[in-house]
Each structure stands twice: as C-alpha cells, then as structure tokens.
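Visitor: Could you walk me through this one and tell me what stands behind the labels?

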Amino acid sequence: MNKHNSTIAAISTPAGIGGISIVRMSGSKSISILSKSLKCKTLPKNFRTNSIHHGKFVDSGKIIDDVMVSVFISPNSYTGEDIVEINCHGGNFVTHRILQILLKNGAQIAKPGEFTKRAFLNGKMDLTEAEAVIDLIHSKTKHSQEVAISQLEGKLYSSIKKILNKITTLRTEIELNIDFSEQGLEKINFKELLEKLRIIKKEIELLVNTGNEGIILNEGYRVVIAGESNAGKSSIFNKLVENERSIVTDIPGTTRDYIEEDISLQGYLIKVFDTAGLRKSNNKIENVGIEKSFSIINKAHLLLWVHDITANIKSSMKSQLNDKDFIEVFNKIDLVKNKTIYKNSSIAYVSALTGEGIDKLKAKIISKIDVNKYDISNGLISNSRQLAAATKGLKALKKAMKATQEKIGLEFIAFDLRTASKALEEIIGKITSDEIINSIFDKFCVGK
Amino acid sequence: MNIIYDIIVVGGGHAGCEAAVAAAKRGANTLLFVIKLETIGRMSCNPAVGGLAKGHLAREIDALGGVIGQCIDKTGIHFRMLNKSKGPAVWAPRAQADRMNYQLEMRSIVEHQNNLEIKEALVEELLIKNGEVKGVKTQYQQKYFSKIVILAPGTFLRGKIHIGLKKYSSGRAGEFSSEKLSKSLQKNGINLSRFKTGTPPRLDSRTLDFSKLEEQFPDKPPVKFSFYTNIKPKNSVSCFLTSTNSKTHKIISKNLKKSSLFSGNITGIGARYCPSIEDKIKKFPEKEQHQIFLEPEGLNTFEIYANGIPTSFSPKIQHKIVQSISGLEKAKIMRYGYAIEYDCVPTEQILISLEAKKIKGLFLAGQINGTSGYEEAAAQGIIAGINATNKLLKKSPIILGRDNSYIGVLIDDIVTKGVDEPYRMFTARAEYRLHLRQDNADERLMPRGYELGLISKKRYDKFCDALKIKKREIKKLKSETANSKGKKSHKMIEVLRRPEINFDDLKKFGYKIKNDISDSLKEKIALEIKYEGYIKRQLREIEKFNYLETKEIPPDLDYMNFNSISYEAREKLSKIKPISIGQASRIPGVTYADISALLIKLKSIYG
C-alpha cells in the first residue's frame, strides 16, 4: 500500500578511494536486512537509537569487512525512518560488495535525492531545506556547495522572511483602512506607501539578480559554441572538454544536433554546448539541427562565436543572436604564418589542432562569470523554481506601485501585494489572511 | 394529533427567519418556534444592517432569495454607501433601521409566508433516536415531530447577562434564556463552548447637546439593498459623531476592578473586533480617544444607540462614562449596556452543509455556530433552510464557494478553520474580493436563487433584462468611436476606462444613452470596464483555485495511517474531513508539505 515503505540503500560517500566509505540504508526493514549480515555483540534487533556498534560484515559465512554501524531508529533520523549507516573501509570494491549484499537481502537501490524526499514527506524538513540538500547532492563544484550550505542554514529563508514581513505590515495597514474605514483612522498616505513599496521592490530585485547568479553556480554556466559551418567548433569543443566525444570531420555540417558536456573551471560548473553550424542549408535534417542550435543559443549565458581565420569573415548570422554576452574566437591560427595580426585583445585566437590559445580562452570564459557582484552571504536563489516565484513577486510589486501612483483603490493595491506575498511564500511557506486579520487586532484598536 | 412537520426551526431571529422562509418557500411544511412572538426579527444589538463585508452579505442573501434586504429597505431611515473613497470592490451599503418597524416587518414577512406555522413556546429538548433527529419537546412537555430540526437560538442557550458585578440568566435584556436545550445537546454528544458579546447604553436624544456633535448625513438618493424591487426607502434622519476623552479613560481605568470583565465573572470569549470600552482602554492605553456613533433607534422614539461604547459596568459607572463625553454631559441613559455569555457549538462538529456530524437531520445556524452579526446569521439561516429542504428532496447540499460569495467564505471559514472567537465577516477574509462585489451579487447568485425557487419569476425576468442591457451596452461601447474633435479617435470603451469619466460623461463624446439603463447598471458597467485588467486577473486566480477545489477527497479516507503526513495534520484532517484538497489546504496546521504528501498518497491509492 505505501510505496515509501520500501527500504532503500545507497553509497553515500563520493566515488573514488578514500579512507572510509559509508553505505546508508533507510526504511522499516533496515534493521532486519542488516541483521542478516552483521555479526555483532548486540543483536541488531536490540539496537537503540543513536548508537554505534562494531562488528563484522559477512556474506554466506565469509567476512567481507570490519565495520562500524551507526543506528537511528524512527522517528529520530534524517528521513524519519529507521536508518543504518555502515562505515566500511574505503575502496570501490568493498563498498560496492556491501551495497550488493544489502540489495540481495531485500533493500532497493535509492534514487538520487530519495533520502531527502522521504525526509521531506515525513515532515523532517521544509521545502527550501529539502531543495538545498538536493542541490548539495547534485552540486558538482566547490562554489555550488557554498550556496547549497548557506541556503540550508536558512539565509535565503531569512532574507525572504524579512521582505515578507515588510509586505505583511503594509497589507495590514491597507486591510485596516478598508475594513475599519468608519473608525476615524488615519488615512493611507499614498506618497509614503509608494516609497515603502520602492524599497521592497529593490530588495526583491536584488533577490532576483542573485537568482541568476545562483542558477549559474548551481545549474552551471552555459557556454555555447556557435558560428559558421566548418569553422572548427567541434574541435574547439573537444579541446575544451578534452575528450573525443564530438564526431569531427572536415565535411561542413557534421554536427547535426548539439552535444553537451560538463567541465569544471576554477571551481565553477561550466556546461559546454557544441551546436550545428549556422548556415542556410537545403538538407532537412540539418535544418532541424540549426533550429535546435538557435534554441540552445537562446538559453546560453555566453556564446563562443567561432570563425575560421583563413576564411572570409561573414557575420551575417550574428545579428540574430540578440544581446548575448559573447567571445569571438578565431580558430586555425596554426595555418597563419604572420602572428602579428593577433593584436585584438577582445578576441581569442586559438588552434584547436595544436591546443595553442585554449588556456587563454578558458581564462576569458572565467572572466565573464561575474558572480561576486552580489553578496552570497544573504542567501541566494539557486534554482529555477525559486527564481520564477521571485520574478512573479517582483512583477506583482511593480503593479502595486503603478496602482499606488494611479490611486485606483486600496483593494487593488492589496490584491497586488497579496499576489507578491503569495509568490514569495511559494519559496518559504504561507501566510494566511487570518494572520493579516490577527495582526490588525494585535496592533490597532478597532471595533465598535 | 401527531402531525409530522418537514422542518422545525427553533428561534425567530435573523438566522431562524431566513431558514424558515426559505424552507417554506421551497414547499417544506415548516414550524417556527419563538420564545415570544413580539420578538421575531428583533435587532438585539445595533439598529443597522450592512457595513463593510456585512453589506456584501446582505446583498448576496437578497440575491439568493432571502428576506433581510427587503426588510431593511422598507424600514431603514438612514442609508449610506461606505468606503466610497476606496475602490468599488469594497464599497459597502449600510442602513440604520427603525428598530421597532424592522421587527414588525419581519414578523409580517414570516406570518404571510405559506407553509409556515409560527408558535410561541420554549423548546427544551431535542428528540433523537439512533443518531437521527425526530422532533422537539417544549416547556409544556408537548412533543412536535419533524424530519429535520434547524437550531438558531442566538444568545439564548444558557444566556447570562452581566451588569457590573450582578449577573442573571437571560437570553436578551428582559427575556428568558433557554437553560435545558444545551443539556439536551450535550446528552447527545455535542460539545459546547462559551462566547461573550455586549451592547452599549441607549440614550435619550432630548438630553444630548447636538451643537457639540458632528452630524453625519445619509446619502441622497439612498442605495437600496434589494435587487429589482420597487421599495422606496425612507431616508430622513442623520447620525451624530462624538468621541471619548482622557476624562472618560480615567473613569474606566479607575473602575476596572468593578467591571464584570476583569473581576473574573465573565469566562466566555469575546470578539477582538467588538471590544467593550473597558477592553479598549485596557489593551490600548496609548490611544487618546475612541469614536462613538450616535444612531437613532427609530422615528417614533427618542432612544439613541451609542455605538462604540459597549460596556458591562454597573449603571452608576455607565452614567459617569457617558456624561464625561462631549455633547453627552447631560445625557440620560434609557437602557443600560450589558454583556452576555452564551453557549455555542465548536464548528468542527458541523458539515459544510451546516448539518451536525453526530446527529442526522439537525442543522445549526447563526450565533450557535460561533458567529456574530445579523448578516452572518442570516447567511447561515438561508443556507440551512436550503440544505434542509435539499435533504428532504434527497438532493446533495449546495455549497457556495469562496470564489462565488462571502456566504461561501463564511461557511468554509467556520467549518474548516474553526471559530475561536465570535466570527465576523471582513472583506480581508475574501481572497477574491475584486470579484465578490456588492454591485454584482445579483449576477453571482440570482440564477441560483431562481433555480432553488426562492426568487420569483418576476424579479428574475427583471434581472435577465438588466443583464441583456448590460451586454448590449458593452458591445456598443466596444464598437462606437468617440467624437473627439479632430484629435486621435478612440473607442467609447477606451474613453470610459479613463478614471475621471463616468457613464453619463460619454454623452459629451456623442454616446446616446437609452433610458432603460438604470443608474446602478451604469455604475456597474463603468467599473467593470475601468477595472477590467484586475478583474480578469482575479478570474484567472479563481480558475486556479477551482482546480484544487474540484480535487475531491473520499469522505471515508483514513488519514491516521498516512505516516508521511505530520501527526498534527492527520488529526486535524480526520476531525474536519475536508471534501476537497482545496479545503484541506486551508485547515490551520496543515502545511504545504502535508498537502504534497496527501496528493502523492491519493495518487498512489486512486491513481
């Protein structure tokens, strides 16, 4: 009946050889599965919560490893279910062997984020916390981890809470003025209201801006290689990602779709995309590829616009690329004898064949990532859902300002503010109309 | 002589009258019990109908086919549209009634209603067999049988009046309370709690110094409550304003110990929005004055209602308080203010249809459900009357949504969130306030009222005609071009969108206004066009809201096994038994996480 009653297990330490690895198992059968392969002074069924036990992990009578087992009994655990964590000696072989044995004995392999999902469903953490943990699991680089950890500590929560409190105060005043207008209260001063709204707007704007940065840190900085056909885009891509994934030929139009690879540059997660060459073609399949290229380009944070330095430079397609941030890249400098022409410092001169200039190109890419503009310590919006909510809030706040300027009626301003509140509440949890009414009664003497 | 009635209504106040008339109109053979015939429709508190959100409720009840709107239109003596300085969604009609006339008119309405029998007797016991209501027993030990009983006893259940440190049992000043009915409810498994409310002193207008009072005139012409009736309201008197001062506050502070409220005599929970003057002074000592509205009680009396100073001090202190106020220095009190405590039923015990969960066929309406106010009571009364008759007809109950009316907001609030102080309606409680306006209550509810047989064919036809005219005019406004003397031409609708332009101003732009368009219709058209953007956004919100409202939850769902929902939420869900995910999400203590988990569970069980 209850899908979540299955017992799940996974290796919870990073892959690779370390001193100790941990295999974690969560679910109502954790203890009984463990008892099938643990030899220990205390019987597993008598384990108390928050205890550690030393024992031998065995399978069919053979000792696999000397292990320490940490036990957390429901509900006193991360997921709210019975959890055992098997600390074994690092090394892929032993760790995987232990996991395999647990699976053989009745556990199921955990999907990414499943422990956290259970923790969320069992009321062990709120939505922002859960998302931060999931971000942490998926974050591949150092910078991403910083964001995830500060969010987990609730910095984003408290910044949004502060903004929400300000909106709530304004809503309280407005509702008071609407529902108790007959009681000789001070009238709302629209000029002051507008000023207060302006301050709140700025704060949300800041959040939205950090949002773009947070997403770069978390979901990666999207670098798209584009340009004319046969300028050597795939070769540059391969040099950047340093493997031979793309099929490279000298026939124009070989890359008919796009290829994506994640790399880490100075701790940043960079997603590199190789696209089909942008040229007019009669080949239907290739045209599909070109269309796709445009959609990838639209989502890019940075374009590498590649030219063949030996060909006539045409930039007819470039005009279609809106106002994207870009770096112009001249490829095939190995074919040019006179190196003095490389004087334009805004252009990257490379040879994908020899690798010359690739490091400089990487440095140029890094210099384009500008994440230090905003103070991460205030918490950062770090996924698209949160950004969409904050953007919605900002839009509603701007409408409230317009309504205030036009003095069209307090209930309309109230409506916009409520919309703004609701959008921000999507990130951290809700405020009800009852809370507004309670706040009226707590702060003001009203009623006949 | 054992007649079996279809429906027995206990209590002839604002809830009981609406319930009895609605049930009888729909063909149910109905019996209405009142303790005294003379007190049918009596206004126990201030002599007024309407105000913020309450005016909205009154117009909705009228549109649904209730009687409150016509009753106040016939007996009102001072009409005002409140909040005119705000936007149109929160304009609210309010009227002072001639108190005596109001109750005479209400008595006449119920007496003239077919299928409705009225009897003076005190109901002391519910007759219940196998968890089903069978009728009632009166103080004369007579039994009356019925398929359904609607209880609307107001403040009469073990009502206890406090004046100073004196207390006595009474349902309203000078009237009997109902002592035994509470016990009968408890015996049948209904839990009771205790609320408190109060009234201010009433003054003799001949002893007031009007030169020191600020006059508040009625609106001319008056805006009526009832839709499509020919009633011409009298609108002839003014109200007057004054306020308390530091002298008043000193008297109150000095005597707090002698107040029934702070001496520990009163244990019932009062409403924060209707605090007694002693409460206000104690809680907000920094506030220098409190406004008082002096409202005439009628055309044939000198009695004046001093709205703003409800109190339960002793008569001596009430005198001192009143005479400390500007304009009231020589005022004589005709009737003293008092506080009253009464039993009510915590609302987790009733369904959204207003039927008790434990006793089949028993419906509750009005103050017994923890609400306060005539309009709030009347709203529940008409719904109880409708749902009682629906039950007789074996039809499912009508549930007016939060997106459709303040009545819907009211009932959803009390059954979903519970009531921990007397509940009054505010516009802030309505999420869809821009749609729930007083001007369009007819469009929102009249078709429903007509379907239910509560709105006459004649009134409904008038409504349909108005709707046709509105559509015709909007079409015309969209197609005709304004005459603007050589400047860039605009459509009429664009001209009307400008904030400073009203419907009649369109004449200047060459728009021909036919004389079949009423003033209220002109106003309605103008505001729908001016605020179209907001109204559309609100309607989109309503669409989203309805998505969750229509996600039904099976009534027999066993929440206690759902470990992924917090224990607190499981308990609350089991108690309230919400009918939809939407309702579940409004229960206090149920979080986003609980709702996500509930959705996942429902999906895993029902696919």
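This is a predicted model: local features need pLDDT of at least 70, side-chain atom pairs count only at pLDDT 80 or more; totals for chains, interfaces and linings use all residues.

Visitor: What are the mean pLDDT of chain B and the scores of the model?
Guide: The mean pLDDT of chain B is 93, and 98% of its residues reach 70 or more; pLDDT is the predictor's confidence in each residue, from 0 to 100. The model has an ipTM of 0.84 and a pTM of 0.75.

Visitor: How many helices and strands are there in chain B?
Guide: Chain B has 18 helices and 20 strands.

Visitor: What makes chain B as compact as a globular protein of its length?
Guide: Its radius of gyration is 25 Å, close to the 25 Å that the globule rule gives for 607 residues, so chain B is as compact as a globular protein of that length. The radius is taken over C-alpha atoms, and the rule is 2.2 Å times the number of residues to the power 0.38. Along its principal axes, the C-alpha trace of chain B spans about 80 × 75 × 55 Å.

Visitor: Which domains does the assignment give for chain B?
Guide: Domain 1 (4-195 + 342-451), domain 2 (202-341), domain 3 (480-539) and domain 4 (550-606), with bounds from an automatic or database domain assignment. The centres of domain 3 and domain 4 of chain B, taken over C-alpha atoms, are separated by 48 Å.

Visitor: Why is B:Arg158 called buried?
Guide: B:Arg158 has 20 other C-beta atoms within 10 Å, so it counts as buried. The cut-offs are 20 or more for buried, 12 or fewer for exposed, and partly exposed in between, with C-beta atoms placed from the backbone. B:Arg158 sits in the loop between β9 (143-151) and β10 (160-163) of chain B, and its phi is positive, near 50 degrees.

Visitor: And why is A:Lys407 called partly exposed?
Guide: A:Lys407 has 14 C-beta neighbours inside 10 Å, so it counts as partly exposed. Its phi is also positive, about 50 degrees, although A:Lys407 is not a glycine. Most residues other than glycine have a negative phi.

Visitor: What makes A:Glu242 exposed?
Guide: A:Glu242 has 11 other C-beta atoms within 10 Å, so it is exposed. You'll find A:Glu242 in the loop between α8 (233-241) and β9 (259-265) of chain A.

Visitor: Why are β3 and β7 of chain A called edge strands?
Guide: The open sheet has seven strands in the order β3-β4-β5-β6-β2-β1-β7 (chain A), with mixed pairing. Strands β3 (38-40) and β7 (108-109) of chain A each pair on one side only; pairing takes at least two DSSP bridges between two strands.

Visitor: How do you know that β5 and β6 of chain A are joined?
Guide: Five bridges join β5 (residues 62-72) to β6 (residues 83-89) of chain A, and the two run antiparallel. A:Met68 stands opposite A:Asn87 in β6(A).

Visitor: What makes the bond from A:Ser74 to A:Pro75 cis?
Guide: That peptide bond has omega near 0 degrees, and A:Pro75 lies in the loop between β5 and β6 of chain A.

Note on methods:
Residues are numbered from 1 along each chain as its sequence is written. Chains are lettered from A and ligands numbered from 1 in the order in which they are written. Helices (H or I, at least four residues) and strands (E, at least two) are DSSP runs, numbered from the N terminus.
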